[in-house]
Amino acid sequence: MNQVRPAIHLLSNLDELHPEVLRQHSIEPADYKSGLVFRSAIESIRGTFIASSTAGRQGMVKTVFEGMLERSYIADYEQTSSRYRHDFAVGIERNPDYFAALEVKGGEGNSINISERPVWAREFAVWCHLDGAVVNQPANGVHAIINRINNELLKRRKLVDVLLIKDLLCGTRARPCPKYPGHETETGLNTAPDVFLFPQRAPTLDDPEPPVHTLQSLRLPERILRFFGVSEPEQNRHIWEVRMKFVEIRPGHFRSVFEVLHKGAVVDSGASKIWEPRDSR
């Protein structure tokens with residue numbers, strides 16, 4: 001973080017601080033800002049980074065599923081991102097078949113609404129991968145992601161069973177992991193994702209606060225934790241409950257509120273925008 005702000009200042013003011021550097025690369029300092037050279041370069045870099053990050057995130061999840069397959073934690077899997085609006089289909093068990101679908105997103109969850117839960121999926125998971133920006137704390141991204149899932153559940157009735165948050169920096173010197181005192185910086189990329197369990201069904205006025213999933217009511221999350229070496233006594237360190245409640249604010253106007261609990265304590269809360277059924281038409 002101490003180096004990020006100076007880097008931003010340097011890049012933003014390169015035309016004034018070091019115009020000779022720009023001229024060495026055939027860039028006129030006068031065009032750096034007014035000619036949109038700086039902005040165009042930033043947007044180009046951002047687009048390239050997003051494209052490579054998307055492939056990297058999916059590649060990491062694929063590596064996880066390969067490892068789970070080798071250990072017989074799952075029966076099979078298929079990457080489906082090129083054909084469907086979910087990235088992986090996972091055969092958790094066979095005879096009888098039990099399938100899960102998983103969608104991979106970045107750390108802001110801006111495109112949560114693009115994914116779709118397949119009708120055959122017994123479980124639907126969203127894996128959000130924080131790509132390592134020191135300035136973005138995990139709690140900020142998680143709150144925004146849960147809020148978007150909450151809105152999707154209210155407006156489109158799209159049920160997400162579990163959210164998996166993988167922080168690239170967790171367990172490194174930049175962001176020590178608080179789950180394992182004394183070993184804060186020894187886990188790194190091997191740190192297990194945080195598991196956010198959602199309600200078992202969409203809340204309604206008749207069923208305003210349905211029960212939240214557990215590791216026993218789902219099959220994929222526990223197997224992922226096991227793959228990352230999390231023993232049963234340590235699982236509660238990685239488990240978060242997202243409780244949602246459907247309320248009618250006034251006749252015909254609804255809102256969904258949520259609380260996030262960790263080890264029984266409320267650590268975050270939020271609410272959807274007020275919604276009318278005609279908003280979805």
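This is a predicted model: local features need pLDDT of at least 70, side-chain atom pairs count only at pLDDT 80 or more; totals for chains, interfaces and linings use all residues.
## The chain overall

The protein chain has 281 residues, and 41% of them are buried. Its secondary structure comes to seven helices and nine strands. Take the contacts between residues at least 6 apart in sequence: 53% of these join residues at least 24 apart. As for surface, the chain exposes about 15,300 Å², with carbon and sulfur atoms supplying 52% of that.

## The sheet

Nine strands make up an open sheet with mixed pairing, in the order E1-E2-E3-E4-E5-E6-E7-E8-E9. Strand E1 (76–79) and strand E9 (265–271) sit at the edges with a single partner strand each, so one side of each has no neighbour in the sheet. From one strand to the next, the twist averages 25 degrees.

## Zooming in on E6

Strand E6 covers residues 194–197. On one flank, E6 pairs with strand E5 (residues 162–167) in the antiparallel sense, over four bridges, and Val162 stands opposite Leu197 there. E6 is also joined to strand E7 (residues 239–250), this time running parallel, by three bridges. In that pairing Val195 faces Ile239 and Leu197 stands opposite Glu241.

Side chains in a regular strand alternate between the two faces of the sheet. In E6, Asp194 and Phe196 point one way while Val195 and Leu197 point the other, and all are buried.

## A helix across the strands

Helix H7 (residues 220–227) lies across E6 too, along with strand E2 (88–93), strand E3 (98–105), strand E4 (123–130), E5 and E7. H7 runs at about 90 degrees to E2.

Note on methods. Residues are numbered from 1 along each chain as its sequence is written. Side-chain values use heavy atoms; hydrogens and water are left out. Helices (H or I, at least four residues) and strands (E, at least two) are DSSP runs, numbered from the N terminus. Buried means under 20% relative accessible area, exposed over 50%, partly exposed in between (1.4 Å probe, protein chains only). Contact means heavy atoms within 4.5 Å. Accessible areas come from the Shrake-Rupley method with a 1.4 Å probe; for residues, only the protein chains shown count as cover. Two strands pair if DSSP finds at least two bridges between them. Axes are lines fitted to C-alpha atoms, for helices over the stretch in contact, and angles run from 0 to 180 degrees between N-to-C directions.
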